[in-house]
Amino acid sequence: MRNHDSGNATPSQVQSVDRAISVLELLARNGESGITEIAGELGVHKSTASRLLSVLEARGLVEQLGERGKYAIGFGIVRLAGAATGRMDLAKLGRQSCQALAETIGETVNLAVADDGVAINISQARGSAAITTQNWTGQRTPLHATSSGKVLLANLPEAERKRLMRRKLEQYTPRTTTDPDTLAAELDRVREDGYAACYEELELGMHAVAVPIHGPGGEVVAALSASGPAYRLSKQRVRQIVRPMIEAAQELSEQLGYFRD
């Protein structure tokens, strides 16, 4: 039997493992790449890159797209990802992301998912500027009157979105959007802009902004939001924090297995 004690691994073996992982990360990021491109990214000779790819291909972790074609992630990765998926906890990952973002922007940050026509907050962190003591974790909030809800609603399959919007849209404040056509136009803007904002639509004096979290297949699986009092989280302030929120959302999405092209 071979000795698999990592302490017996030679420097060259460790380097080979590191390079193999780099190949997988490169293909996950680029979608597909040729040997020349991979060798250039790794800073190795083409023969070295070819040997790495041969080993990964033999294990089903990469596949060649046609004879002498480019390489892409193989279905063997699905088997490995499946083992990790059962342990992956969006709420746990979300807590880390929420806390880091809350420390960056100083506001209360929440992570929400869609469930049977409402948004459910599954994680929350308070920033240094937050004055609210309300804990939204576990609470159900309307899709049409919250920033997280609008992000989730905007990215639902069209048939599901239209079904939910045929329901009566309850008015929570004078600023709540209750007209389906007006809401539909706003959801179009949410998809185009990549974020949603709410100004006193659920509670008077409260503003919020949210961005989407993507799953491995690119689908929106959650929304990351920041909320605060209107006097502090002004429309100008909302525009300022959208960028760090998008960056935090991208990081969490990557942890879930989604890499943008």
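This section describes the helix packing and salt bridges of a predicted model.

The model is predicted, and local features need pLDDT of at least 70, while side-chain atom pairs count only at pLDDT 80 or more and totals for chains, interfaces and linings use all residues. Residues are numbered from 1 along each chain as its sequence is written, and side-chain values use heavy atoms, with hydrogens and water left out.

The chain contains 9 helices and 8 strands. Both are DSSP runs numbered from the N terminus (helices: H or I, at least four residues; strands: E, at least two). Of its 261 residues, 41% count as buried. Burial follows relative accessible area, computed with a 1.4 Å probe on protein chains only (buried, under 20%; exposed, over 50%; partly exposed, in between). Among contacts with a separation of 6 or more, 52% come from residues 24 or more positions apart. Contact here means heavy atoms within 4.5 Å.

Two helix pairs were examined. Two packed helices are described by the angle between their axes and the distance between the axes. Axes are lines fitted to C-alpha atoms, for helices over the stretch in contact, and angles run from 0 to 180 degrees between N-to-C directions. Angles under 35 degrees count as roughly parallel, over 145 as roughly antiparallel, 65 to 115 as roughly perpendicular, and the rest as oblique.

Helix α1 (residues 11-30) and helix α2 (residues 35-42) have axes that come within 11 Å and cross at roughly 120 degrees. The two are therefore oblique to each other. Their crossing is right-handed. By definition, the near helix is turned clockwise from the far one by less than a right angle in a right-handed crossing, and anticlockwise in a left-handed one. On the α1 side, the contact residues are Arg19, Ser22, Val23, Leu26, Leu27, Arg29 and Asn30; they meet Glu37, Ile38, Glu41 and Leu42 of α2. This contact comprises 5 nonpolar, 2 polar and 4 charged residues. Ala, Val, Leu, Ile, Met, Phe, Trp, Tyr, Cys and Pro count as nonpolar, Asp, Glu, Lys and Arg as charged, and the others, Gly among them, as polar.

Helix α5 (residues 90-105) and helix α9 (residues 235-255) cross at roughly 155 degrees, with axes that come within 10 Å. They are therefore roughly antiparallel. The crossing of α5 and α9 is right-handed. Residues of α5 in this contact include Leu93, Leu101 and Ile105, and those of α9 include Ile241, Met245 and Leu252. By class, the α5-α9 contact holds 8 nonpolar, 4 polar and 1 charged residues.

The model has 8 salt bridges (a side-chain nitrogen of Lys or Arg within 4 Å of a carboxyl oxygen of Asp or Glu). Arg140 pairs with Asp115 at 3.6 Å, N to O. Arg140 lies in strand β5 (residues 140-142) and Asp115 in strand β3 (residues 108-115), so the pair ties together parts 25 residues apart in sequence. Asp115 is partly exposed, at 35% relative accessible area.

Glu186 and Lys150 form a salt bridge at 2.7 Å, N to O. Glu186 belongs to helix α8 (residues 180-193) and Lys150 to helix α6 (residues 147-154), so this bridge ties together parts 36 residues apart in sequence. Both Glu186 and Lys150 are buried.

Within α8, Asp188 and Arg191 are 3 residues apart, about one helical turn. Their closest N and O atoms are 2.2 Å apart in a salt bridge. Asp188 is partly exposed at 42%, and Arg191 is partly exposed at 33%. Salt bridges with shared partners join Lys150, Glu186 and Glu201 into one network.
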